[in-house]
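Trainee: Please show me the protein. Then let us work through it by question and answer.

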Amino acid sequence: QWIPCAVVFGLLLVYASNLNRAMDSDPNRPLFRLILSTLNFAVCCLTLSTLTTRFIFPMFSLEGRRLWILGLSPVGLSRVFWQKLGLFAVLIGTATGVLMLVSGIKLGMSRADLGFYCGSIVLMSGGLTGLALSLGAIFPNFVDHSPAKIVSGFGGTLCLILNFVYILGFLPIFVWPSLRAARPE
């Protein structure tokens, strides 16, 4: 599963490196800068959604029928769940945080805005990782052994839809304070 992940991040780094061209229009207008920054944040969130659905959702299904062994171990299934959540939220949050940082620097964002956007993407990674891992535990698919087939089932589709709903619900809350500050008096 590392090859598709590397391809996704390679394409995103190409995206981030080409952001200078978008700033050639009129980078000094605050509303334009806000719209461009918000769209950049939305792209990072959608990338995060794709990564969590593709790589995090099928984790319990890939354990297969041996999942009961983890449940009987002294560690317990709930601790395994929390360890996976913590580990992958940090890993994916770091990767998308770096992507947000690189793209924010290319956009010429201030340090305060960079901190706000990077902190928001890290929080978003925790929420989306938790959602994908929870739905993967609720809707396991022990029949298929391919992660691509597991994701294309009911649970994976539901995970992707709920990720989009989560992002669409978060974006207005995220943008509202900046939009009010960018409006001319």
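Trainee: What share of the contacts with a separation of 6 or more comes from residues 24 or more positions apart?
Mentor: A contact means heavy atoms within 4.5 Å. Take the contacts in the protein with a separation of 6 or more. Residues 24 or more positions apart account for 81%.

Trainee: What kind of model is this?
Mentor: Residues are numbered from 1 along each chain as its sequence is written, and side-chain values use heavy atoms, leaving out hydrogens and water. Local features need pLDDT of at least 70, side-chain atom pairs count only at pLDDT 80 or more, and totals for chains, interfaces and linings use all residues, for this is a predicted model.

Trainee: What percentage of the residues is buried?
Mentor: Buried means under 20% relative accessible area, exposed over 50%, and partly exposed in between (1.4 Å probe, protein chains only). The protein has 185 residues. The buried part is 39%.

Trainee: At what angle do helix 5 and helix 6 pack?
Mentor: Helix 5 covers residues 77–107 and helix 6 covers residues 111–138. Their axes, lines fitted to C-alpha atoms over the stretch in contact, lie 8 Å apart. Angles run from 0 to 180 degrees between N-to-C directions. Here the angle is about 145°.

Trainee: How many nonpolar residues are in the contact of helix 5 with helix 6?
Mentor: Ala, Val, Leu, Ile, Met, Phe, Trp, Tyr, Cys and Pro count as nonpolar, Asp, Glu, Lys and Arg as charged, and the others, Gly among them, as polar. One charged residue and nine polar residues take part. The nonpolar residues number 14.

Trainee: Is Leu101 buried or partly exposed?
Mentor: Leu101 is found in helix 5. Beyond its neighbours within four places in sequence, Leu101 is in contact with Leu114 and Cys118. Its relative accessible area is 37%, so Leu101 is partly exposed.

Trainee: And Leu107, buried or exposed?
Mentor: Leu107 also has its place in helix 5. Its C-alpha is 7.6 Å from that of Ser37, 70 residues away in sequence. Its relative accessible area is 3%, so Leu107 is buried.

Trainee: What is the relative accessible area of Asn163?
Mentor: Asn163 lies in helix 8. Not counting residues up to four places away in sequence, Asn163 touches Ser49, Thr52, Thr53, Leu128 and Leu131. Asn163 is buried because its relative accessible area is 0%.

Trainee: Where does Ser49 lie?
Mentor: Ser49 is buried, with a relative accessible area of 0%. Its contacts beyond four places in sequence include Asn163, Phe164 and Ile167. Ser49 lies in helix 2.

Conventions. Helices (H or I, at least four residues) and strands (E, at least two) are DSSP runs, numbered from the N terminus.
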